Amino acid sequence: MTVLSVRPTRPGQPATSLRAPGLDWLLVLASAGLVVLGTLLVWSATSTRADLTGGDADAYLRKQLVNVAIGLVLMVAVLATDHRWVRILAPVAYLASVGGLVMVLVAGSTINGSRSWLQLGGMSIQPSEFAKLAVVIGMALVVAERTERRWGRGVGSLEVVAMLAIAGVPAVLILLQPDLGTMLVLSATVFGVLAIAGAGRGWLGGLSLAAVAGAGGAVALGVLKPYQVDRFMAFTNPGLDPRGAGYNTEQARIAVGNGGLLGQGLFGGSQTRSGFVPEQHTDFIFTVAGEELGLVGAGVLILLLAVVVWRALAISAAAGDLFGRVAAAGIACWWGFQAFQNIGMCLGIMPVTGVPLPFVSYGGSSMFAGMLALGLLQNIHLRSSGAALRR
């Protein structure tokens, strides 16, 4: 039963607003739109690829539908969990993600130069996808617990150090794979969480300088793999090696450019049907939207992503506790930067690093982690709505 609350603006005045607790339906509709659109794009990108499907044009459609179904179950489970249990289980989720990253280094599979996958029966799991969410909720829990114990005196150096330690363990394990794309997304997310939590400008500026120095040192000392260096060189000059490191970027630009204003029609993209763009159903899924749906369709996709990030930020702003505020903002930073990175590499304005487009790219791990985050956002929203009613 829906409960309505009538609240006057000032004592003695008539009521001016009605509030009803419930889901954030804009977030529901926008994320559902992304999932549906993504599933269609995955189907289109794989239906003519016999080398991927073994001749079954609908193979990846069925797999993605299974991923979505499992993701929905995970989302509902988190949404329905009492908020006190969410905070209690946060350390368990963090430790589980760290354990998964360790297992990858011990017994993982190497794909595209990165040892990032665990084979569990017939399913491949990428623990680094779950690590993004685990770091967000771990940092949110640390800052909330310590700040509440200090009677709300704000985020000090001890809190910042503790948050960085929480993020540092998964970051080191991800670097050892090495998974540069996930590391970039994680770094941007951590920076955003620290900023939202109230870390001082000195900390934020120092971390920015340290990141620049670390990147320069990694190149100078040869920490990066040769193929990773080649990707960055191809980013600065795609024509340098059009048949090698620059091939992905060059073909992605051609595919997006083929779409024009309205596109060549779903399942009708010439580059897509010919399989010229590598990893098009995963990392380069945006090129399918650009070629087959055109500028208009790609714009709708970007708009839906923007709505999802906006609603996450709105939930953060309305959250009734520090844990919810920081966690929701961290999720927004994660999705926002990852979407920018993915679309940017398809357009040639960001280096190719191999990160999926949230809710759109094919893949179980990315879908599961995204759905878990959606459930957490709705959980925070429901709790905030309930608190507003009780006031």
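Predicted model: local features only at pLDDT ≥ 70, side-chain atom pairs only at ≥ 80, totals over all residues.

Reply: A search of the whole structure finds 4 aromatic pairs. One of them is formed by W43 and F267, whose ring centres are 5.1 Å apart with 85° between the planes, an edge-to-face arrangement. This pair links distant parts of the chain, since W43 sits in helix α1 (residues 25-46) while F267 belongs to the loop between α10 (247-258) and α11 (270-274), 224 residues apart.

Me: How is the geometry of a pair of aromatic rings described, and why does the pair of W335 and F359 count as edge-to-face?

Reply: In general, a pair of aromatic rings is described by the distance of the centres and the angle of the planes. The planes of W335 and F359 stand at 70°, with the ring centres 5.1 Å apart, and so the pair is edge-to-face, because an angle over 60 degrees is what that class requires. W335 lies in helix α13 and F359 in the loop between α13 and α14, so the pair ties together parts that are 24 residues apart in sequence. Together with W334, these two residues form one aromatic cluster.

Me: Are W335 and F359 buried or exposed?

Reply: W335 has a relative accessible area of 3% and is therefore buried, and F359, at 4%, is buried as well. By contrast, W43 counts as partly exposed at 25% relative accessibility, and F267 counts as partly exposed at 26%.

Me: Which residues have the most contacts inside the largest nonpolar core?

Reply: The general idea is that in soluble globular proteins nonpolar side chains tend to be buried together. Here the largest nonpolar core has 93 residues, and those with the most contacts inside it are M139, I331, W335 and L376. Setting aside residues up to four places away in sequence, M139 touches M163, I166, A167, V190, V193 and L194. A140, which is placed in helix α5 (residues 127-149), is buried with a relative accessible area of 0%, and beyond its neighbours within four places in sequence it is in contact with F323, V326 and A327.

Me: How many cavities are there of 30 Å³ or more, and which residues line the largest cavity?

Reply: The count comes to 3 cavities of 30 Å³ or more, and the largest cavity holds about 50 Å³ of space. Its lining consists of E129, W334, W335, Q338, P358, F359, S366 and G370. Two or more lining residues come from each of α13 (322-347) and α14 (364-390), with α13 giving the largest share, 3 residues. By class, the lining has 4 nonpolar, 3 polar and 1 charged residues.

Methods:
Residues numbered from 1 in each chain as written. Heavy atoms only, no water. 1 Å grid on protein atoms, 1.4 Å probe; cavity = no way out; pocket = protein on both sides within 12 Å on 5 of 7 lines; lining within 4 Å. Points joined across faces, edges and corners; volume = space filled by probe spheres on them. Helix = DSSP H or I, 4+ residues; strand = E, 2+ residues; numbered from the N terminus. Nonpolar A, V, L, I, M, F, W, Y, C, P; charged D, E, K, R; others polar. Core = buried A, V, L, I, M, F, W, Y, C linked by side-chain atoms within 4.5 Å. Buried < 20%, exposed > 50% of the residue type's maximum accessible area, 1.4 Å probe, protein only. Contact = heavy atoms within 4.5 Å. Phe/Tyr/Trp six-rings, centres within 6.5 Å; stacked < 30°, edge-to-face > 60°.
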